[in-house]
Amino acid sequence: MRRYPPIGEHGMIGDLQSCALISSDGVLDFFCAPRFDSPSLFASLVDHEKGGYVRLGADDSELEFGTSTVRQLYLPDTAILVTRFLSHHGVGEVVDFMPLGTPETANANRRIIRILRVVRGSVKFVLECRPRFDYARASNELLLRGDQAAVFRGPDLDLHLQATFPFRREGEDVVGTVTLGVGETAAVVLDTTAPGWIPEHVSIEQAELEHERTTQFWHNWLRGSAFQGRWQTMVHRSAITLKLLTYAPTGAPVASATFGLPEQFGGERNWDYRYCWVRDGALSSRAMAELGFVEEADAFRRWLTDRLRDRRRTGREPLQIMYRVDGEPLLIEEELDHLEGYEKSAPVRIGNAAADQLQLDVYGEAIWALTQSRELAEISGYQGWQTLAEVIDWLSENWDRPDEGIWETRGGRKDFTFSRLMCWVALDRGIRLAHTYARPANLDKWTRARDAILRQVMERGYSTSRQAFVQHYNGDVLDASLLFMPIVGFISPRDPQWLSTLEAIEMDLVTDSLVHRYDPEASPDGLRGNEGTFSLCTFLYVDALARAGRLDQARYTFDKMLTYSNHVGLFGEEIGPTGEQLGNFPQAFTHLSLIFAATTLGGQLKQRGQRGTTPHGRAW
């Protein structure tokens, strides 16, 4: 068992209330329960010694050459993960999934099923179950129920272990082995429950039945996709990933599955992303709606409307930038000093102090995403419109304020160009909706504010020395977030000022087609160290190239970026200097921007084919 497998060497399973990561060695090394934002039960990914894990894989010690080859894949069009162990003695598989049951009903009951199979020869499998409750801060009591069942009693949650083969106690953990031949199967089942509750016994037959039901769920859900273009496999894997990262009881998508994974090995940029950012959730809902998954987009709209109504009652600003999945706004940031961090990247943080920041752009993403389609606009109703109109009224008076910006810098508030851009989007889309649906609105006030933002951005957000739109006023630093400008219609994708901005971004922020968010040395963000290229920005770059008519370069850049996905099609937050995944994993931002890029580029390529022309792309 590797001490710290690469971040990208993982697949994810989930049941729409929580999820687990499983390394390509068959080690379940990250799992929080009963929700995404609950304390961890297994987190050896951020501390190998203390974090806890469940190992279920082939025993290399008895193999003739001491090694085996491991391969991992998803069952096509599902969230069912298969880890295969190939050796001279035999070929075995571990099939991992989480049954979905009734995902819309919040409860403490999470179930992970791990089915063992052998398809050639014989394989000896090893089981180690070493839970560590409450981020490895709480002890547990182990009770054995015979030699095939056990319960680990934690402070607020019980973890039950069942197996179809014997295991034994090792301290407060359990270990066991089983040797299977061709056609033989076994199973290990993990259940979390409220204290004192005993789950039903699960037989091999029941485990296989749950496998069939879970397969059918994902197949049925994916049939709702309207995407018929190129790169369908990757787009659908991204859609499944976004679905897995959504808390079904409320419709709130989380930004990522994990906390504490570093943006730079040994650095301090280690955050907790298991919460719902308004920005990320809104963009995720837009991506899902573009694929035809309107129910998911509508669920987020309801969640967001509830947040707006909550704030209206308290009299504070209309939106906080992020919340827990149930809408709770309190996200106190802590440092877990007892955990060493992935590859000693400390501190390991839970909670997120950025929740108290002012980021005015979130209003733009929210309104842009949630008003994209006639269906979403119509079902909001009059009360929904009133809530939205009150937000736009507030924004029309508050847009011209320094804030912390999209990247949540901790170096003080500035006049960020992207924040102004998205305030313009919020006002512009609000005005359009009021006209389209003949709704009451302060249109004169909204229009004056919208036009003032546009003039200000064009006059103060554009640097004549750089011939580019810049990160913030009174500076010359570039920022890849501005790749959104042509996407949201602020500027034509072939406007000379935009094309020169694109060239400047290429010069300063693009390295072998991968895109950095900004240069921390040129624009200090209050944190030490550097980071990798930001995968969201790379896909936005593809989108911008396609809109600018540079289709050959856009396609090549997109195809190159796809090679940085991991072995099962997942992306983290960033790409490191040698192509490794960095940051929390998998990252919703990356997968939703992949969908945007594939949709835009695919549409442009289709139009070019219909015209029967082959325009020359720029050299790169």
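Two bridges join strand 26 to strand 27, and the two strands run antiparallel. Helices (H or I, at least four residues) and strands (E, at least two) are DSSP runs, numbered from the N terminus, and two strands pair if DSSP finds at least two bridges between them. The model is predicted: local features need pLDDT of at least 70 and side-chain atom pairs count only at pLDDT 80 or more, whereas totals for chains, interfaces and linings use all residues. Residues are numbered from 1 along each chain as its sequence is written, and side-chain values use heavy atoms, with hydrogens and water left out.

The strands belong to an open sheet of three, in the order 26-27-28, with antiparallel pairing. Strand 26 (533-534) and strand 28 are the edges of this sheet; each has a single partner strand, so one side of each is left without a neighbour in the sheet. In general, strands of a sheet pair through backbone hydrogen bonds, either parallel or antiparallel.

Strand 14 (residues 173-181) has seven of its nine residues buried, so it is largely enclosed by the rest of the structure. Here buried means under 20% relative accessible area, exposed over 50%, and partly exposed in between (1.4 Å probe, protein chains only). Strand 14 is joined to strand 9 (residues 110-130) by eight bridges, and these strands run antiparallel; Cys129 has Val174 as its bridge partner in strand 14. Strand 14 also pairs with strand 13 (residues 168-170) in the antiparallel sense, over three bridges. Here Arg168 has Val175 of strand 14 as its bridge partner. Strand 13 and strand 14 form a hairpin with two residues between them, and Gly171 in the turn has a positive phi of about 65°.

Another antiparallel pairing is that of strand 6 (residues 69-74) with strand 7 (residues 81-86), over six bridges. Val70 has Phe85 as its bridge partner in strand 7. In this hairpin six residues lie between the strands, and Asp77 takes a positive phi near 60°.

Ala136, found in helix 1 (residues 133-136), has a positive phi of about 65° although it is not a glycine. Ala136 counts as partly exposed, at 23% relative accessibility. For Ala438, phi is near 50°, and the residue is placed in the loop between helix 9 (417-437) and helix 10 (443-460). Ala438 is exposed, with a relative accessible area of 65%. A cis peptide bond runs from Ala33 to Pro34, with omega near 10°; Pro34 lies in the loop between strand 3 (27-32) and strand 4 (40-42).

A nonpolar core is a set of buried Ala, Val, Leu, Ile, Met, Phe, Trp, Tyr and Cys residues joined through side-chain atoms within 4.5 Å. The largest such core has 193 residues, and Phe259 and Phe558 have the most contacts inside it. Helix 9 gives the most to this core, with 12 residues. A second, separate core of 11 residues includes Ile80, Phe97, Ile113 and Ile115. With contact taken as heavy atoms within 4.5 Å, and residues up to four places away in sequence not counted, Phe558 touches Trp231, Phe539, Val542, Leu594, Ala597, Ala598 and Leu601.

Over the whole structure, the search finds 21 aromatic pairs. Rings of Phe, Tyr and Trp (its six-membered ring) pair if their centres lie within 6.5 Å; planes under 30 degrees apart count as stacked, over 60 as edge-to-face and the rest as tilted. The ring centres of Phe539 and Phe571 are 5.7 Å apart and the planes stand at 85°, so the pair is edge-to-face. Phe539 lies in helix 13 (residues 535-547) and Phe571 in the loop between helix 14 (551-562) and strand 27 (574-575), so the pair ties together parts that are 32 residues apart in sequence. Both Phe539 and Phe571 are buried. Elsewhere, ring pairs link Phe217, Trp218, Trp221 and Phe293 into a cluster.

A charge sits over a ring if NZ of Lys or CZ of Arg is within 6 Å of the ring centre and within 35 degrees of the ring normal. Arg35 lies over the face of Tyr247, at 5.9 Å from the ring centre. The charged end of Arg307 is placed over the ring of Trp303, 5.1 Å from its centre.
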